[in-house]
Every structure is written in structure tokens, then in C-alpha cells.
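Trainee: Can you walk me through this one? Let's have it on screen.

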Amino acid sequence: MNLTYRPLALGFIALFFFVVVMGRVQAGGNHFYAPIADPVVKEECGSCHLAFAPSMLPASSWQRMMGNLKNHFGDDASVDADTTARITRYLVANAADAGDRRYGGKLLKGVALGSAPQRITELPKWVSEHRKVPDWEWRHKEVRTKANCVACHTGAEQGYYDE
Amino acid sequence: MFHLFRASGLALVAVAGLAAQPAFAETPGEIQASIQQEAAGTPGFQEFSAARGESLFKSKHANDWSCASCHTDNPAAPGKHAKTGKVIDPLAPSANAGRFTSPKKVAKWFKRNCNDVLDRVCTPQEKGDVLAYLLTVKK
């Protein structure tokens, strides 16, 4: 028993360190917002649009949003109570202001944490990062809405926003 | 220390095993049969009709959107969310083997999407008609 699991356990540990180290490297660059890792959250919050990175909004925002999924930007995004609780826990734990997460906080510049903004695309820092994007580009039929991040950031699913 | 490694290894194996287990996998035919069971008990029930399903799918009802607004007129082709622009995988089982294999997922999206399009839930008759239509769509 011990012998069978030992290499496996070591493998997992190696993988773990790899993930941690890679995580650090990526977090060092300022274009990285860790994508959602929980499969349930990814499925439920990534079916109608890109599964937005939890580190783009503060915990208060996610709590407010999860309290009213029935009317989610005009859409019904509701799920059962257990799933709602699970998603809320994940988003809050990985929010921009969770723990000592400093790198996620940069989009929150100028935002009162308690104000629970609901749109990433209305954060002052998001707006200023995008002020140079010309009008015609927003109206391009492939874009449709500011929230369609992948139309311009091809690496958005992986957490990269540097192009 | 070693015990800790072993325990975490075991836990990971257990988790990986659970994740690999698809939840309630069924076939579109089985899902259609359970919709049929539900529909048969309702007044005015008629045999499911692909033609009726197609017309429901392609026309507008209470709101600005039809089903085709997001799933396109050809459900065997990828669609696009009318509001967010996100690409949606094909809806027809002939083009997407994952479709209509989870009763929970099917129920969830019928509820949401019928609400978006008809401003109400779809009746079992309507769901059966739509699925009958989708099952006739060839790749």
C-alpha cells in the first residue's frame, strides 16, 4: 500500500510545486488574472460569457451578484441553493481583495471596496486602460459588448490580458 | 510526514476518480422518453412534432429573441450568444455528442431560455417538439 502510493504522492507534490512556482511567475507580470479553476464555477459562470476572473472584483461584489442571479444583467442565471453557495464561496475566496492578494487589486484602484461594483467594465481602472480603444472597435460585430473580453484578448480564458 | 503524503495521495486519487465519473449520463432518447412521460399526462397532448418544434425554435414570441438568435437557424452549427457574443457549441446531438445527456442541464437551460424567449416556462409538449426537431437535424 505504502509503496504503491508513494510515487504518486511524490508526483503530486512535484506538480504542486510546479503550479506554485508558475503561479508566482505569472502573478509577477501585471497582465495575469488567474482563471477559474473550480469546474462547477467554470461551467455555471462560463456558459453565457467568459468565466470572469474572480480577482477582478472585490468580495462584496460577488456576494451581491450571487444574491440576485435570477435577475443577472437582465438574464436568468439562477442555480440551486447548494450550487449558489459553492460558487459564492469560491468567488469570495479568490476575490481581488481576498487574503493578501495584491496583484489582483490593481483593477480596483479608486474603488471603494464596500461599494460592490457589479461590472468589471465600469471600474475606473478598466475604463482608463481601454480609453484608447476606438469607438468603431467596440461596435465591431465580433465584439458586441465590452464584456466580450476574448474578442480582443485572445488569452483571456487563460488569464492573460496583455494584447 | 510519510503518512501525510500517503493520505494526500489517496485523497487526490479519490477526487480524481469522482471527477471522472460523469453525473447522470443519459442519451437524448432517454431524455425524450422522460419528457414524453411528463407530456402524456397534460391535457391536449399530441405526438411530438419536429415541424412544430422547428417553428417554435425559429420564430420570435414574447421577446426580441428567438431560440435561433443564439443557436442560429442551423442548430448543427456553432451559435453565438446574442448579448455577450460568446460562441455556443452546436445544439443538435448529431453535431455535439454532449447535448441532451444530462437531465439537470437540459432542465436548467429550457427554464432559462424559454424565459428569455417566451417570457414563461415551456410546456412538456413544447420541449418534446423542440427535441424532436433537434434530433432530425443532420450534421
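**Loop, cores and a helix pair**

Trainee: Where is A:Phe73 found?

Mentor: A:Phe73 sits in the loop between α3 and α4 of chain A. Helices (H or I, at least four residues) and strands (E, at least two) are DSSP runs, numbered from the N terminus. This is a predicted model: local features need pLDDT of at least 70, side-chain atom pairs need 80 or more, and totals for chains, interfaces and linings use all residues. Residues count from 1 along each chain as its sequence is written, chains are lettered from A and ligands numbered from 1 in the order written, and side-chain values use heavy atoms, without hydrogens or water.

Trainee: What is the phi of A:Phe73?

Mentor: Near 55°, a positive value in a residue other than glycine. A:Phe73 is partly exposed, at 33% relative accessible area. Buried means under 20%, exposed over 50%, partly exposed in between (1.4 Å probe, protein chains only).

Trainee: And A:Arg144, what is its phi?

Mentor: About 70°, positive although A:Arg144 is not a glycine. A:Arg144 lies in the segment after α6 (135–139) of chain A. A:Arg144 is partly exposed too, with a relative accessible area of 40%.

Trainee: Now the inside. How many residues has the largest nonpolar core?

Mentor: It has 33. Such a core is a set of buried Ala, Val, Leu, Ile, Met, Phe, Trp, Tyr and Cys residues joined through side-chain atoms within 4.5 Å. Residues with the most contacts inside it include A:Met56, A:Leu91 and A:Tyr161. Helix α3(A) gives the largest share, four residues.

Trainee: What is A:Tyr161 in contact with, beyond neighbours within four places in sequence?

Mentor: A:His31, A:Tyr33, A:Leu50, A:Met56, A:Cys149, A:His153 and A:Ala156. Contact means heavy atoms within 4.5 Å.

Trainee: Over to chain B. How many helices and strands are there?

Mentor: Six helices and two strands. The pattern along the sequence is α-α-α-α-β-β-α-α. Of the 139 residues in chain B, 38% are buried.

Trainee: At what angle do α2 and α6 of chain B cross?

Mentor: Roughly 155°, and the axes come within 9 Å. That makes α2(B) roughly antiparallel to α6(B) (over 145 degrees). Axes are lines fitted to C-alpha atoms over the stretch in contact, with angles from 0 to 180 degrees between N-to-C directions.

Trainee: Which residues in α2(B) meet α6(B)?

Mentor: Among them are B:Ile31, B:Ile35 and B:Ala39. On the α6(B) side, the residues include B:Leu131, B:Ala132 and B:Leu135.

Key:
Parallel < 35°, antiparallel > 145°, perpendicular 65-115°, else oblique.
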